[in-house]
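Please look over the sequence and the structure before reading on.

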Amino acid sequence: HQDRNIVRGVIHLSGVFDLLPILSTSVNFPLKMTRLDAEMFSPLQQGNMDRLVTAKHLQHWVVVGENDSPAFKEQAEKYVGELEGRGCQVAFTVQPSEDHFSLVERLMEDQYSLTQQVLAFINTGSVSW
């Protein structure tokens, strides 16, 4: 399908790739997410990974902040490993001195290194630094 190739890449900024651990936390109180919801929307779930890897042309760029919690970093590393293990194109970046809030907030700064890298990624569809 030619239409699928219009998207060349995906940038995952401090993502939560497995929502199951959130079910029993206060974060889920307002969400009211069920186990089925968590499985359906968790990229690390087997069925979702199987669907994701059908688009081998996609470049995945996973970014976490150096100051993110261990849980964010572990999920990102696991996601990268799963993608790599399935033959996907993937790059992994730990952004120095940032966390998942500041990492996104600073994207509005023209001179921020991550902003420049994101723009280059959008223009080329690949991570090349």
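Among contacts in the protein chain between residues at least 6 apart in sequence, what percentage join residues at least 24 apart? The share is 69%. The model behind this value, as behind the others in this report, is a predicted one.

## Fold and dimensions

The protein chain contains six helices and three strands. Following the sequence, these elements come in the order β-α-α-α-β-α-β-α-α.

The C-alpha trace of the protein chain spans about 40 × 40 × 25 Å along its principal axes. The radius of gyration of the protein chain is 15 Å, which agrees with the value near 14 Å that a compact globule of 129 residues would have.

## Surface and charge

Of the 129 residues in the protein chain, 36% are buried. The accessible surface of the protein chain amounts to about 7800 Å², and carbon and sulfur atoms account for 57% of that area.

Charged side chains in the protein chain number 10 positive and 16 negative. The centres of these two sets are 8 Å apart.

## Aromatic pairs

A pair of aromatic rings is described by two values, the distance of the centres and the angle of the planes. With ring centres required to lie within 6.5 Å, the model has two aromatic pairs.

F17 and Y79 make up a stacked pair, with 4.1 Å from centre to centre and 10° between the planes. This pair links distant parts of the chain, as its members are 62 residues apart. F17 sits in the loop between β1 (9–13) and α1 (28–31), while Y79 belongs to helix α4 (residues 70–85). Both F17 and Y79 are buried.

## The tilted pair

Why is the pair of W61 and F121 tilted? The planes of the two rings stand at 45°, and planes under 30 degrees apart would count as stacked, over 60 as edge-to-face, so the angle falls in the remaining class. The ring centres of W61 and F121 are 5.5 Å apart.

This pair, too, links distant parts of the chain.

Are W61 and F121 buried or exposed? W61 has a relative accessible area of 0% and is therefore buried. F121 counts as buried because its relative accessibility is 4%, and the cut-off for buried is under 20%.

Technical notes. Residues are numbered from 1 along each chain as its sequence is written. This is a predicted model: local features need pLDDT of at least 70, side-chain atom pairs count only at pLDDT 80 or more; totals for chains, interfaces and linings use all residues. Side-chain values use heavy atoms; hydrogens and water are left out. Rings of Phe, Tyr and Trp (its six-membered ring) pair if their centres lie within 6.5 Å; planes under 30 degrees apart count as stacked, over 60 as edge-to-face and the rest as tilted. Helices (H or I, at least four residues) and strands (E, at least two) are DSSP runs, numbered from the N terminus. Buried means under 20% relative accessible area, exposed over 50%, partly exposed in between (1.4 Å probe, protein chains only). The radius of gyration is taken over C-alpha atoms; the globule rule is 2.2 Å times the number of residues to the power 0.38. Contact means heavy atoms within 4.5 Å. Accessible areas come from the Shrake-Rupley method with a 1.4 Å probe; for residues, only the protein chains shown count as cover. Lys and Arg count as positive and Asp and Glu as negative; His and the chain ends are not counted. The place of a charge is taken as NZ of Lys, CZ of Arg, CG of Asp or CD of Glu.
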